[in-house]
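Subject: Model for your files, with notes

Hello,

Here is the model I said I would pass on.

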Amino acid sequence: IRVWQVENEPYDPSGPHSWALSSDWMQTEVEMVRSLDPKRKVLVSFWANETTKRGVYKEAIRQGDCIGLDIYPRVPTSFPKNIITPYSGPLDSWKKHQAICKQIQSLKKEVWITEIQAEPWEPGVLVADTGPTPSFPPERFQNHLTLASSLNPSVILFWGYEYWYTQKLCGNLSYWNTARSALKEICV
């Protein structure tokens with residue numbers, strides 16, 4: 001165990017009621033974890049596609065030793081269907097994300113990419129099948145890795161292994177082989 005992650009995206013509204021945890025609640029949890037294991041760091045993550053829009057990253061920075069960004073460059077939008085592309089990515093530019101990451105690191109805290117999109121996320125589909133996946137064809141893997149690396153994180157975690165593996169079991173090796181090649185480059 002390297003760090004304790006206290007909640008997952010605690011400040012990001014989710015579920016049928018769009019609930020999020022309060023700063024006070026999170027502070028209580030973080031303090032409890034630190035009292036139980038003062039030797040390990042605490043990680044607090046947030047949905048980085050709306051980093052500055054809601055400002056929750058400031059609470060994550062205040063409470064965590066490691067700050068986790070969950071980044072999905074191509075997710076379904078809620079815009080009308082007559083737009084050219086049904087996908088959007090982070091609202092902030094990569095330069096803005098880089099500046100925030102430098103701010104985190106200047107405070108002697110670690111930046112982690114706790115989720116970088118490495119699987120399709122198609123409009124209206126919970127899990128993409130073996131058909132076309134415009135949100136994340138295999139060739140986007142390297143692009144997303146490059147984007148994540150540009151933030152100079154201590155750790156990069158990919159969201160999508162189960163998808164690559166399921167596709168492999170179905171005879172589609174494109175995701176598996178692309179991921180393996182890209183990971184070999186960074187794990188040298």
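Predicted model: local features only at pLDDT ≥ 70, side-chain atom pairs only at ≥ 80, totals over all residues.

Residues are numbered from 1 along each chain as its sequence is written, and side-chain values use heavy atoms, with hydrogens and water left out.

Sheet

Helices (H or I, at least four residues) and strands (E, at least two) are DSSP runs, numbered from the N terminus. Five strands form an open sheet in the order β1-β2-β3-β6-β7, and their pairing is parallel; two strands count as paired if DSSP finds at least two bridges between them. β1 (3-5) and β7 (155-159) are the edge strands, each with a single partner, so one side of each has no neighbour in the sheet. On average, neighbouring strands are turned by 25 degrees against each other, direction ignored. Axes here are lines fitted to C-alpha atoms, for helices over the stretch in contact, and angles run from 0 to 180 degrees between N-to-C directions.

Five bridges join the parallel strands β2 and β3, and Leu43 has Cys66 in β3 as its bridge partner. β3 and β6 are joined, also in the parallel sense, by six bridges; Ile71 stands opposite Ile116 in β6. Between β6 and β7 there are four bridges, again parallel, and Trp112 is opposite Val155 in β7.

In β3, six of six residues are buried, where buried means under 20% relative accessible area, exposed over 50%, and partly exposed in between (1.4 Å probe, protein chains only). Cys66, Gly68 and Asp70 lie on one side of β3, and Ile67, Leu69 and Ile71 on the other.

Helices

Helix α1 (residues 23-36) lies across β1 and β2 (41-47) and runs at about 150 degrees to β2.

Helix α4 (residues 94-106) has 13 residues and spans 18 Å from its first C-alpha to its last, close to the expected 18 Å. The expected span is 1.5 Å times one less than the number of residues. Which residues of α4 are buried? They are His97, Ile100, Cys101 and Ile104. Seen down the axis of α4, the buried residues fall within an arc of 100 degrees, so they line one face of the helix; the arc is that of the directions from the helix axis to the C-beta atoms. The face turned away from the buried side carries the exposed residues Lys95, Lys102 and Ser106. Among the elements covering the buried residues of α4 are α2 (51-54), α3 (57-63), β3 (66-71) and β6 (110-117); contact means heavy atoms within 4.5 Å.

In helix α5 (residues 140-149), Phe141, His144, Leu145, Leu147 and Ala148 are buried. These cover an arc of only 160 degrees around the axis, which puts them on the same side of α5. They pack against α4, β6, β7, α6 (161-169) and α7. His144 has a relative accessible area of 1%. Not counting residues up to four places away in sequence, His144 touches Pro73, Ile116, Gln117 and Phe136.

Nonpolar cores

A nonpolar core is a set of buried Ala, Val, Leu, Ile, Met, Phe, Trp, Tyr and Cys residues joined through side-chain atoms within 4.5 Å. The largest has 35 residues, of which Phe46, Leu69, Phe141 and Trp164 touch the most other members. Helix α7 (residues 174-186) gives the most to this core, with four residues. A second, separate core has five residues, including Val3, Leu43, Cys66 and Trp112.

What does Phe141 touch, not counting residues up to four places away in sequence? Its contacts are Ala118, Phe136, Phe158, Trp164, Thr178, Ala179 and Ala182.

Backbone

Glu9 has a phi of about 50 degrees and is found in the loop between β1 and α1. At 18% relative accessibility, Glu9 counts as buried. Lys108 has a phi of about 65 degrees and sits in the loop between α4 and β6. With 76% relative accessibility, Lys108 counts as exposed.

Regards
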